[in-house]
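I opened the model today to look up its layout, its ligand shells and a few single residues. My notes are below.

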Amino acid sequence: MIQIIGAGAIGCLWAATLQKSGHSCHLVSRHKQLTNTLHFTDLSANTTQFTISHGHHLLATRLAEQQSAILVCVKAPQVLDALLSQQPYINKHQIIILMHNGYGCAEQVLKYFPNNPIISATTSNGSLLNGPLSITHTGAGPTYLGYFNDPSQQIPIQLVKTLQDTMDDVHWSKDINSKCWLKLIINAAINPLSAIQQIKNGQLRSSTYTKTIENIISESIAVAKAESIHFHVPTVLHTVNKVITATAENYSSMNRDIHYQRPTEIEFINGYLIKKALQHQIAVPTLSDLYHQIKKKECH
Ligand SMILES: NC(=O)C1=CN([C@@H]2O[C@H](COP(=O)(O)OP(=O)(O)OC[C@H]3O[C@@H](n4cnc5c(N)ncnc54)[C@H](OP(=O)(O)O)[C@@H]3O)[C@@H](O)[C@H]2O)C=CC1
Ligand SMILES: CC(C)(CO)C(=O)C(=O)O
């Protein structure tokens, strides 16, 4: 059994695909959901309905519930609060999977849940929340998982099998930090710029943004290197351009957060990179400039 915290786009995507593949799950939502029906539109535009178990709390009565993995699918600034609000229902053996954009949450979570196995995860699936418990799977992409706190621990084979059974392209990674750092750099390159300019990802292909994107990548890679994570600028630039092209018609999540005047994940993207840059005394003027521009927009 897998219990999911966060009934948003990604949480509902996992809930729907787990149900579809016959695995039991429970969805924790902070709102009262008026229905038990989850509407799921898949990549081929077929819509299916599932009856799901949901509530305000994790289930912790039966053995299967106490042994379930907890998949946290909330935005980075919400991760710690979401877990703390469920702390009475979490035992120290339960695996906690953190699936979000940005970096730095796992360090925070470990302080409050020092004995729990913490798995970091990053996904390139796209999902759109159409309304409460209604989502559309908008894009397929790889999902990587790996231990954050102790890479030498035994791979949770049953959990990985369940997730692989549920969605395509799910991989266990012994080097999850590099995968998460790469996603962090991709988000740093695409999200703030597309949010400030209020443009689709594809519009970042314009030569107007080339130099800024190159600077973001070089600054981020310098910080990664100081953290012993090694990337090459041309390879990452190629990857970023591939993501921009693959998601050309999409608005980035930060673009939508600014558009709808919601808090963004900037603290866990540029904010995290800037904090680490400061610790290592690395200059990151482009990352800082974009950070301040987003913070200014968040206040309006
Ligand atoms: N959507 C996508 O295509 C992709 C998203 N991601 C990343 O995945 C993460 C999740 O994104 P996404 O699903 O889109 O975000 P959403 O905002 O759609 O979903 C987050 C959900 O978590 C809920 N939530 C927040 N705090 C709590 C809490 N304390 N207890 C219970 N539920 C809570 C929110 O409720 P409320 O409505 O009340 O805020 C919301 O329903 C983000 O980091 C995002 O960047 C990564 C790849 C693709
Ligand atoms: C990869 C990208 C930039 C796709 O839009 C994304 O993860 C996001 O919008 O947060």
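These entries go from the whole chain to the ligands and then to single residues.

**Ground rules.** I am working with a predicted model, where local features need pLDDT of at least 70, side-chain atom pairs count only at pLDDT 80 or more, and totals for chains, interfaces and linings use all residues. Residues are numbered from 1 along each chain as its sequence is written, while chains are lettered from A and ligands numbered from 1 in the order in which they are written.

**Overall build.** I counted 11 helices and 12 strands in the protein. These are DSSP runs numbered from the N terminus: helices are H or I with at least four residues, strands are E with at least two. The radius of gyration is 19 Å, close to the 19 Å from the globule rule for 300 residues, so the protein is as compact as a globular protein of that length. That radius is taken over C-alpha atoms, and the rule is 2.2 Å times the number of residues to the power 0.38. Along the principal axes, the C-alpha atoms fill a box of roughly 55 × 40 × 35 Å.

I then looked up burial. Buried residues are 43% of the 300. Buried means 20 or more other C-beta atoms within 10 Å of the residue's own, exposed means 12 or fewer, and partly exposed is in between, with C-beta atoms placed from the backbone. Of the contacts with a separation of 6 or more, 69% join residues 24 or more positions apart. A contact here means two C-beta atoms, placed from the backbone, within 7 Å.

**Domains.** I noted domain 1 at 2–173 and domain 2 at 178–299. The bounds come from an automatic or database domain assignment. The two centres, taken over C-alpha atoms, are 25 Å apart. At the join, 12 residues of domain 1 are in contact with 12 residues of domain 2. The domain 1 side of that join has five nonpolar, six polar and one charged residue. For these classes, Ala, Val, Leu, Ile, Met, Phe, Trp, Tyr, Cys and Pro count as nonpolar, Asp, Glu, Lys and Arg as charged, and the others, Gly among them, as polar.

I also checked the record. An unreviewed UniProt entry annotates residues 175–298 as "domain: Ketopantoate reductase C-terminal". Such annotations may be inferred rather than shown by experiment; positions are in the numbering used here and feature names are shortened. In the model, that span is 68% helix and 0% strand, and its end C-alpha atoms lie 34 Å apart.

**Ligand 1.** Which residues are closest to ligand 1? I found Gly6, Gly8, Ile10, His100 and Asn101, in a shell of 27 residues. A residue belongs to a shell if its C-beta atom, placed from the backbone, lies within 6 Å of the molecule. Helix 1 (9–20), helix 3 (79–85) and strand 9 (126–131) each supply at least two residues of this shell. By class, the shell has 10 nonpolar, 13 polar and four charged residues.

**Ligand 2.** Its shell includes Asn101, Ile186, Asn187, Ile190 and Asn191. Helix 6 (residues 176–197) gives the most, with four residues. This shell has three nonpolar, eight polar and no charged residues.

**Thr143.** I placed Thr143 in strand 11 (residues 143–147). Thr143 counts as buried because 22 C-beta neighbours lie inside 10 Å. Beyond four places in sequence, Thr143 is in contact with Ala121, Thr123, Asn125, Met167, Asp169 and Val170.

**Ser124.** I found Ser124 in the loop between strand 8 (118–123) and strand 9. Ser124 is partly exposed, with 16 C-beta neighbours inside 10 Å. Leaving aside neighbours within four places in sequence, Ser124 is in contact with Gly141 and Pro142.

Most residues other than glycine have a negative phi. I flagged Leu133, with phi near 50°, and Gln281, with phi near 55°. Leu133 or Gln281: which is buried and which is exposed? Leu133 is buried, with 24 other C-beta atoms within 10 Å. Gln281 is exposed, with 7. Leu133 is in the loop between strand 9 and strand 10 (134–139). Gln281 lies in the loop between helix 10 (270–279) and helix 11 (285–299).
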